[in-house]
Amino acid sequence: MSTSNEVTGADSAPDDPGAEEPAAGSSARAANESASEAATGAPSGTTAVPDQATAPDTPPRDVSDGRPETSYDAHFRVWRGDPEGGRLEDFTVEVNEGEVVLDIIHRLQATQAGDLAVRWNCKAGKCGSCSAEINGRPRLLCMTRMSTFERADVVTVTPLRAFPVVRDLVTDVSYNYTKAREIPSFVPPAELAPGEYRMQQEDVERSQEFRKCIECFLCQDTCHVVRDHEENKQSFAGPRFLMRQAELDMHPLDAAEEQGLDRKTSAQEEHGLGYCNITKCCTEVCPEGIRITDNALIPMKERVADRKYDPLVWLGNKIRRRS
Amino acid sequence: MTQVERQQWDVVIVGAGGAGLRAAIEAREQGMRTAVICKSLFGKAHTVMAEGGIAASMGNVNEGDNWKVHFRDTMRGGKFLNHWRMAELHAKEAPDRVWELETWGALFDRTKEGKISQRNFGGHEYPRLAHVGDRTGLELIRTLQQKVVSLQQEDHQETGDHEARLKVFQECTVTRVLKDGDEVSGTFCYERESGRFFVLEAPSVVLATGGIGKSFKVTSNSWEYTGDGHALALLAGAPLVNMEFVQFHPTGMVWPPSVKGILVTESVRGDGGVLRNSEDKRFMFDYVPAVFKEQYAESEQEADGWYDDPEKHRRPPELLPRDEVARAINSEVKAGRGTPHGGVYLDVSSRMSAEVIKRRLPSMHHQFIELADVDITAQPMEVGPTCHYVMGGVDVDPDTGAATGVPGLFAAGEVSGGMHGSNRLGGNSLSDLLVFGRRAGLYAAERAAARGAEERPAVDETQLAEAVAEALRPFDPTAEAEAGEAGEAGEAGDDKPAENPYTVHQQLQRTMNDLVGIIRREEEMAGALERLAELRARAARAGVEGHRQFNPGWHLALDLRNMLLVSECVARAALNRTESRGGHTRDDHPEMVREWRRANLVCSLTERAEVGTGERATKGDTTPGRITLRRREVSPIRPDLLELFEKEELIKYLTDEELTTE
């Protein structure tokens with residue numbers, strides 16, 4: 001995995017996740033603050049005023065282009081390269097009111113870098129394709145509004161660090177698809193025909209929370225178990241797929257146990273649940289706000305612990321294995 | 001000649017959304033080795049964007065529901081232009097397709113009895129949409145994806161190879177369906193990541209590529225919706241039907257500009273949301289058309305009573321079919337009663353508690369907070385029409401999904417035409433994907449099984465060479481354009497510079513949006529056809545920088561061919577149909593005309609553009625020619641299905657002649 005490490009090691013971009021993470025919460029708050037400003041009707045917040053005074057002078061643009069005051073030129077640094085290596089490239093690019101980082105990347109494609117590679121799809125935060133790192137923080141490009149930055153900020157966009165680079169902002173996320181295949185699937189209850197399933201809303205809600213996952217793999221990218229330890233990928237499914245096991249385990253009608261499959265033990269012994277030391281980084285980056293650690297991983301860990309130290313379970317396991 | 005890797009499969013499925021994955025599951029379960037090829041990553045298809053639900057008359061919330069009621073609603077929604085057989089199969093099979101999802105692990109919202117909950121939606125007489133909050137499409141795609149994985153796990157256990165019988169080629173694009181004589185022999189594809197070409201040989205190819213929205217400027221559709229399957233079918237010699245019918249969803253976001261067009265689910269209205277203009281008036285009461293007068297409320301009081309007691313009240317007019325609501329919003333804005341950003345208000349904040357809104361419409365709440373700084377529990381949303389869905393598509397056999405005229409080619413889902421007539425009801429798309437995805441997979445498998453290994457159609461070398469040349473043209477566009485455009489635009493020999501594909505695309509989107517959009521006029525559409533011809537000439541010169549590794553400029557340059565072909569179909573058919581019906585509204589022909597209900601407009605490609613005919617086999621000359629349009633009479637609705645309607649209602653749609661020949 002030397003290639004993806006080079007990505008962030010290549011430059012002095014603010015790419016230290018350790019340093020970024022505490023700041024992330026406050027930048028989100030700042031985002032909300034600027035959001036409420038806009039909602040109160042001030043054209044684009046008070047911070048914009050000094051910028052506007054200087055903006056026409058700095059960029060070499062035609063001042064008579066009739067751009068509204070909410071439009072400005074931003075300084076972007078975008079990582080460009082391939083598995084052989086690459087670098088951060090500087091761009092000056094127009095930003096308009098209400099835009100998100102993905103809009104700016106698209107503008108770069110259309111006007112300055114036609115072959116700039118980026119994955120995207122729905123542009124509405126529903127498909128989880130446009131994952132990347134913005135100023136060192138794993139985020140969806142389509143859900144990161146430009147208004148969360150000051151006009152003078154340099155916005156640095158780099159590919160997901162935990163996965164090998166394919167080109168520019170596109171990484172090879174096949175690790176995730178490999179892990180998905182290793183998780184035993186839902187086992188339908190043998191005695192129920194289609195249409196006979198009965199479940200109460202409160203019983204499906206726990207698993208439903210995890211099924212909100214859009215598979216953006218930001219949690220996989222940020223999880224320190226693999227982010228800086230390529231060697232752990234073999235034995236660690238990552239938060240997304242440990243959560244998938246919790247989802248199936250909490251499914252009211254999953255019949256895995258009838259087939260002798262204990263999902264908790266499997267998560268612990270085969271998929272690396274034990275590596276997780278509940279730092280909650282995954283929960284922090286989840287664009288769907290799923291409480292991965294609290295609601296999926298910790299309960300799984302607790303049940304694994306219960307099972308391990310419950311003498312009856314222990315005895316049961318011994319007997320069942322013998323048969 | 002370029003060496004191109006070839007693989008042999010039984011069934012190839014183009015597209016991995018709801019229809020494609022359902023088809024793949026079926027073909028694999030029939031024992032066929034099945035390849036799925038999709039432009040995005042596995043699990044990202046546009047189906048994830050579907051919000052409201054899957055329509056299926058399970059009768060879990062109102063026992064009065066059954067397939068006949070669903071059939072009736074579907075036909076009404078489509079203004080009786082639907083292929084009645086597709087509407088019948090759809091209504092009958094939808095419940096089984098939904099229940100089956102539960103056995104694969106889907107978790108729908110529940111009723112108090114623990115059954116699958118069902119919600120109200122525009123045009124549906126009873127609460128009918130199985131749903132998961134407002135993220136039903138995600139649940140559908142994930143369930144199908146996980147079912148695919150579970151089949152792969154079975155194969156792995158048996159053969160040691162996950163992909164022995166079912167493989168997903170993700171981030172790959174098909175640019176040609178290859179043929180051996182009349183019948184399908186496979187697909188020509190490139191891998192987006194490496195730019196590498198390859199061929200999947202198969203006697204059955206299922207198109208499940210979705211829609212065409214990316215030809216329009218304001219759309220709820222993702223980048224994948226470039227009409228690939230529509231164009232592939234045309235290029236392979238299969239006709240398209242009903243292309244004039246494009247659905248503009250009434251409620252897309254209108255602000256900020258960068259998110260203009262993103263969908264605001266119809267569930268907002270199904271759950272009680274109301275539309276108001278800048279004068280705070282619930283204007284939909286003024287827009288109930290004559291054909292629907294009996295079914296919709298006339299006062300706010302009556303409309304509000306319906307949510308709790310639907311037996312004694314008529315439905316709120318906010319729940320009219322989408323075409324009606326979209327036109328109404330358009331009229332209000334035009335009349336100067338729009339919001340500051342050119343939409344109307346859609347309000348749930350005054351109708352439900354914040355807690356209920358967050359539970360029932362979580363992604364809408366999230367979407368507006370994140371993208372527009374609007375808290376929908378406290379403020380109304382601003383919404384306006386957005387290009388959402390194409391009713392038209394590949395002309396197929398209703399039972400099997402087989403494309404007309406090209407043995408071995410099948411189509412299912414949005415890329416196929418007929419099922420929804422002139423307008424699709426909300427919720428009928430997800431069920432369409434499952435019902436007809438399964439059918440196409442089944443019959444594609446049947447066809448493949450009938451062909452032994454020795455009698456498989458062969459890949460034609462000339463076609464292959466042409467497909468390679470066509471795909472490489474954007475890297476050297478001007479050299480090829482002279483040969484390719486000579487007959488097309490009469491500008492042979494002009495030393496014109498290469499075109500930026502992004503610029504051509506933007507102009508195409510503007511042309512379609514402004515001239516063949518929600519309200520249409522003859523002169524504008526004629527103008528659009530001229531501009532499309534110019535754009536086609538320019539697209540042939542689309543050039544790109546860089547190389548073939550994950551090069552979005554190149555991908556777009558290739559997609560332009562498809563968008564231009566499909567746009568021409570839409571414009572040509574829309575110009576021809578001199579009436580207004582469903583997703584086709586003519587300012588100069590505002591009335592629905594009963595005689596027109598008997599006509600399908602069928603688009604096919606003019607002869608000379610076909611590949612491999614040998615006629616114009618010069619390097620790279622595969623520029624699509626113009627579209628030929630013909631009128632075809634629809635097949636008469638089966639009498640027992642007609643009997644499901646009151647005579648008074650049929651009179652509004654059917655000609656006297658049709659009514660008397662019963």
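C122(A) is buried, at a relative accessible area of 8%. The model is a predicted one.

**Cysteines of chain A**

- The cysteine sulfur closest to that of C122(A) belongs to C127(A).
- The two sulfurs are 3.7 Å apart, too far for a bond.
- C127(A) is in no disulfide, and its nearest cysteine sulfur is that of C122(A).
- Over all chains, the disulfide count is 0.
- In general, a disulfide is a covalent bond that links the sulfur atoms of two cysteines.

**Sheet of chain B**

- Chain B has an open sheet of 4 strands, ordered β13-β16-β15-β14.
- Pairing in this sheet is antiparallel.
- The edge strands are β13 (246-253) and β14 (274-276) of chain B.
- Each edge strand has a single partner, so one of its sides has no neighbour in the sheet.
- From one strand to the next, the twist averages 45°.
- Strands of a sheet pair through backbone hydrogen bonds, in either a parallel or an antiparallel way.

**The β13–β16 pairing**

- β13(B) is joined to β16 (residues 381-390) of chain B by 6 bridges.
- These two strands run antiparallel.
- M253(B) has V383(B), in β16(B), as its bridge partner.

Terms used:
Residues numbered from 1 in each chain as written. Chains lettered and ligands numbered in written order. Predicted model: local features only at pLDDT ≥ 70, side-chain atom pairs only at ≥ 80, totals over all residues. Heavy atoms only, no water. Disulfide = S-S within 2.5 Å. Buried < 20%, exposed > 50% of the residue type's maximum accessible area, 1.4 Å probe, protein only. Pairing = 2+ DSSP bridges. Axes fitted to C-alpha atoms, helices over the stretch in contact; angles between N-to-C directions.
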